[in-house]
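Hi,

Here is the structure I said I would pass on.

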Amino acid sequence: LSNGFNMIDGMNGLVGFTGLGCLISLLTLTNFIIEIDFLQKEILYLILLLIIFLIFNFPNGKIFFGDTGAYWLGWILGIMTIKLYSYYGLNTWGAIIILFYPLQEVIFSFFRKLFQKKSPLSPDIEHLHLKLYFLLKGSYERGKKFNSFVTVCMMPFWLLPCLMIIWSQIYSHIMILFFFILELAYVYYFLAIPKTSKL
């Protein structure tokens, strides 16, 4: 999870909005499903910190998370999710939906590289957000507007889990359906965007 947050770092706002989506999903669970204040204060503090960060990071990129910030955010969100789901015995498909995008980026990249006969530990530019960036940027010089627009285009992966989590907790039988919707959307995005050879 921490590695997934580090992988998606680089596009202005992408890590911040993804983390914010995860936190809002967790807060929603504590408010409407569990109806207690377990972890609520900590989640609210982190939401406030991410909103302040996003004011400076999106769309103009005045400050950045960096590796340490991305790893820390992934780690703390993982701890909170595990604690919430294990303590209350919630259906863990919900946790997968909440943390879908960073986890998907790591798992998909690992198996994609194995399939391409590359080392799964080697970096490349075939991550979904990078492919989308180079598609949008075209032959122009590297610019902030293309960087930030990628975050907007990636909205289904950081916003949909917030919307899905309540329905998936109320109707637990549709959790797997929501997971497959997210999975198909990710694979469709990846296959629809042409491969780039640019660095």
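Below is what turned up, going from the core to the aromatic rings, the salt bridges, the surface and one loop.

First, the ground rules. This is a predicted model, where local features need pLDDT of at least 70 and side-chain atom pairs count only at pLDDT 80 or more, while totals for chains, interfaces and linings use all residues. Residues are numbered from 1 along each chain as its sequence is written, and side-chain values use heavy atoms, with hydrogens and water left out.

**The core**

Which residues touch the most other members of the largest nonpolar core? They are Phe5, Leu23, Ile43, Leu73, Ile98, Tyr101 and Met154, out of 58 residues in that core. H2 supplies the largest share, nine residues. A nonpolar core here is a set of buried Ala, Val, Leu, Ile, Met, Phe, Trp, Tyr and Cys residues joined through side-chain atoms within 4.5 Å. "Buried" means under 20% relative accessible area, "exposed" means over 50%, and "partly exposed" is in between (1.4 Å probe, protein chains only). Helices (H or I, at least four residues) and strands (E, at least two) are DSSP runs, numbered from the N terminus.

Take Leu23: leaving out residues up to four places away in sequence, Leu23 touches Ile43, Leu46, Ile47, Leu50, Leu77 and Met80. Contact means heavy atoms within 4.5 Å.

Thr18 sits in helix H2, which covers residues 14-33. Is Thr18 buried or exposed? With a relative accessible area of 2%, Thr18 is buried. Beyond neighbours within four places in sequence, Thr18 is in contact with Phe5, Ile8, Tyr101, Pro102 and Trp158.

**Aromatic rings**

The whole structure holds 13 aromatic pairs. Rings of Phe, Tyr and Trp (its six-membered ring) pair if their centres lie within 6.5 Å; planes under 30 degrees apart count as stacked, over 60 as edge-to-face and the rest as tilted.

One of the pairs is Phe157 with Tyr189, which is edge-to-face at 5.3 Å centre to centre and 85° between the planes. Phe157 lies in helix H9 and Tyr189 in helix H10 (residues 175-192), so this pair ties together parts that are 32 residues apart in sequence. Tyr189 is partly exposed at 24% relative accessibility, whereas Phe157 is buried at 2%.

**Salt bridges**

How many salt bridges are there? The count comes to three, a salt bridge being a side-chain nitrogen of Lys or Arg within 4 Å of a carboxyl oxygen of Asp or Glu. Arg112, Lys118, Asp124 and Glu126 are linked in a network of them.

- Arg112 and Asp124: the closest N and O atoms are 2.8 Å apart. Arg112 lies in helix H6 (residues 100-115) and Asp124 in the loop between H6 and helix H7 (128-137), so the pair ties together parts that are 12 residues apart in sequence.
- Glu126 and Arg112: the closest N and O atoms are 3.8 Å apart. Glu126 is in the loop between H6 and H7, 14 residues from Arg112.
- Glu126 and Lys118: their side chains meet at 2.9 Å, N to O.

As for cover, Arg112 is buried at 6%, Asp124 is buried at 16% and Glu126 is buried at 7%, but Lys118 is partly exposed at 33%.

Leu48, Ile51, Ile52, Ile55, Phe56 and Ile63 make a nonpolar surface patch of about 550 Å². Patches are made of residues with over 30% relative accessible area and no salt bridge: like charges are joined within 9 Å, nonpolar side chains (Val, Leu, Ile, Met, Phe, Trp, Tyr) within 5 Å. Accessible areas come from the Shrake-Rupley method with a 1.4 Å probe, and for residues only the protein chains shown count as cover. Ile52, from helix H3, is partly exposed at 42%.

**One loop glycine**

Gly61 is in the loop between helix H3 (40-57) and helix H4 (66-88), and is buried, with a relative accessible area of 11%. Gly61 and Ser148 are 87 residues apart in sequence and 8.5 Å apart in space, C-alpha to C-alpha.

Cheers
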